[in-house]
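Hi,

Here is the structure I promised to pass on. Have a look, and my notes on side-chain contacts follow below.

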Amino acid sequence: MLYIAFLWHMHQPFYLDWEKGSLALPWVRLHAVKAYFDLPYLLAKYPQVKNNFNLVPSLLLQLRHYEEGKTDIFLELSRKPASELSPEEKAFLLKYFFSCHWETHIYPFPRYHELLALRGGDRPQDIERALDEFSNQDFLDLQVWFNLTWIGFGHRSEPLIKELLAKERLFTEEEKNLLLDLHIEVIKKIIPLYKELQEKGQIEISASPFFHPILPLLIDSDMARRNLPHAPLPPRFNYPDDAAFQVEKALEYHQELFDKKPKGLWPSEGSVCPELIPIVAQAGLSWMATDEEILYKSLWRHGPAVLMKPYLATHENSQIAMVFRHHGLSDRIGFVYRTLTPEDAVSDLINTAKGLARESGLENPLLTLILDGENPWEYYADGGEGFLSALFEKITSDPEIASVTISEYLDKFPPQEEITNLYTGSWINANFDIWIGHEEENQAWELLGRTRRVLNSLKEVPEKARQAIMAAEGSDWFWWYGDHFTSLFDAEFDRLFRGHLQEVFKALGKEPIVDLFYPVRKPKLIEPEEIPVAFIKPVIDGRETFFFEWIGAGRFLPSTAGEAMYLGESLVVALYFGFDLTNFYLRLDFKDKIFDHLPEDLQTIITFSGSKHKTQIMFKPKAKDITKTLILVKGPFRLYGKDVGEIALDRILELAVSFENLGFVVGEKVNFHLEFLENSLIRERIPRTGNLLFTVPDENFEQEMWLA
C-alpha cells in the first residue's frame, strides 16, 4: 500500500492598511472566490479521499475582516459607478485591473481580451492614451471582467455567473454589484466548509506561525550563516520569544475558528532549525513538515528509502515527529501538469509515485506532497478542476493507494528513526538567501530590529503594537525585497511593511522613527534585453575560443522575477543568440551544479515561429555524442545530425543552423523559445513566458544598428 499525504498551503501576507482600516491589495478576496473555496468544495465530492490543508492564521484573519465588512481598494473602485470614476481612478483600473495570468484569465474571453488590446496590451506607456479611448461602458465592463474572471469552478454554474459570461459586454451597475456581493458570500462559506470537512475526518488542518515569519531568523538571524557563511547580514535579530509567540497565537486562533487546535505545523517556507524543536513541542504540536533537502542534509543520505517515512527530530530533550516533502513531484503539480491533459498528468503522478514506492522497498511508504494551494490554479486552463477531479477519482478507485491525513498516518506508523541534528534551512535551496543577506533585505531587518527594541523596555505591550510587530515579522515583505523577485506591487509591499512598523510607534503614542518614512525598495532600472548589434562568426567547439567571439550577440538572463511561487534555479545562466548573413547562432551557459545531476536523456527543444511556419530543433545536451541527437523538424520535413548544422558542448553549448534549413527569409521576424524536457515533461522554459525575437538580417544590418 502506498500512502499519499497531500498538504495544500493556503497563505497571503497581511494586507491591512492600519490608517485606512481596509486591505491594500485584493489577493485574499480573489483567491477566496477561486482556490480557497474550490479545492475543499471539490474534495467534498470524493469522501474517501483525505487531504491536509495548511491554513495560515493571517489569511484566516483577513477572511474574517471581509466577513465583518472590511474592504480593499480594488473592491472600492470596483463598486464605484464607472461614470463617477476620476481620471486618477481610471488610470488605476487601466494599470492594475489586468493583474492576472493572461493566458487563462483574459485570452479565453474575447471582451476582456478586447479591453486589454484597447489599453495597449502590455505597454503601460499607452495608459494616458487609453484614458481617452475608453468609454464609461468600457470601464464598467473592465470592472466586471477583472472580478468575474477570478470566479472559480465552484461557482461557475451560478445563474449570475453564467449570465455574465454569456453576455460578455454592456454590463450594468446592478449586475456588477451582484457579482461583488457574490464575492463576499463565497468568503463567508470558506471557514465553515473547512470546519465541516475537519469534523467529518476528511481533512486535517495544520497551521503556520500566525503572520508567516521565518522562525529560525526570529530565533536568531545569525543562523543564516550556517549555510551562507559569507553573506553580509544585518545587525543581529534575536527574539526566540517572538517565534514561540507566533506559534502560540496561531494555535489559539485555530482553536477559536475550528474548535480544535492543530496537531501539525508547516513552518513558514519550510524553515527549520534544531532550536525550533523545543518551541513547537512545548506548544503541544505533534508533527512538523519541511522539504526533502533538509532531510538529506540532516542525514547525508538520500533516495526514496530515506524520504518516504517519518522521523523523530530531537533537540535538548524535546522531540517532534517530522515528514518531508517530495520536492520534484510537488513541483510538477504546481508548474508542469498545467501543460498536460488531466489524464496524462494524473497518470504521470500516480505512476511516478508507485515507482518511488517500489524503489523505496518500505512496507508502508508515505509520499508527502506539499505545495502552494492557491497560486497554481491560475495557470490551469480550467482552474485545476479537470486535474483535481481525475486525481481524486483515481485515488478513490485504486486499491494500491490510500490518501491520508498526516496525523492519521503517524498514529498508524510512528517514526522509528531519529534525526539528532536537524539541518538549518528552508525549502528553497535549503538556506535563507531569499529573505536575508541582500542590501534591501538587510535594511528591512535593521528597521524591524530597531522597532522591536523599542518594545523591550515596556512591562506591558499594547495589543495593537504586538500585532503590528508580528505582522512586520512576516516573510513576505522580505520575499519582495532584494533582486530575486519583482512585481507591479513592489512599492505597495514596501509601504505595507513600513506601515506595520509605523503602527507599532503609533500604538505606543510615539512618533515613528524617520527612516520608516523612506522606501526600502530602490527603483529598478528597467533596461531592454541586449539585442544583436553586429554579425558574429563563432567557432562551434563548445568553448569561448576567443574573447570577441560572441561580442555583438543578443543576451538573455533567465530570472524568477515576478513569481509568487518559487520554481527553483534556472538550468541556464545565460543565453546568447546572433547571426551572420547565412546562419543563426545560439549559445547556452549551463549552471554546472544543476546540469551535472540531470539525466542523459534530458531533451532540449527550440521552437522558432516566423510569419508562415514553425521550425523545431531538438537535441540531447548530455548525450555522449550530441551531434547524433540533433534533429530539425519543419512541417513534414526532417533533417538529422550534421545535415541540421553544427553543435558542440564543452564548457558551453554552441549551435549553428543556416537560415535556409530553418526556412526563414531576409526581413522576416522570428520569435523563439527553449524547453528542457525530463521524462517527457517540461522541466524549464526559457523565457518562462513569451518569446525572444530577431529579424533575419540583410547586408545592411550592421550599418543600420550602428546608425541606431
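**Salt bridges and rings**

Asp 398 and Lys 354 join their side chains in a salt bridge, 2.7 Å from N to O (the term means a side-chain nitrogen of Lys or Arg within 4 Å of a carboxyl oxygen of Asp or Glu). This pair links distant parts of the chain, 44 residues apart: Lys 354 is in helix H17 (residues 342–360), and Asp 398 is in the loop between helix H18 (385–397) and strand S11 (401–403). Helices (H or I, at least four residues) and strands (E, at least two) are DSSP runs, numbered from the N terminus. Asp 398 is buried, at 7% relative accessible area, and Lys 354 counts as buried at 17% (buried is under 20%, exposed over 50%, partly exposed in between, with a 1.4 Å probe and protein chains only).

Before you go on: this is a predicted model, where local features need pLDDT of at least 70 and side-chain atom pairs pLDDT 80 or more, while totals for chains, interfaces and linings use all residues. Numbering runs from 1 along each chain as its sequence is written, and side-chain values use heavy atoms, without hydrogens and water.

The whole structure has 41 salt bridges. Arg 111, Glu 114, Asp 138, Asp 141 and Arg 169 are linked in a network of them. Within it, Asp 141 meets Arg 111 at 2.9 Å, N to O, and both residues are buried.

As for charges over rings (NZ of Lys or CZ of Arg within 6 Å of the ring centre and within 35 degrees of the ring normal), Arg 587 sits over Tyr 576 at 4.4 Å, and Lys 622 over Phe 595 at 5.3 Å.

Cheers
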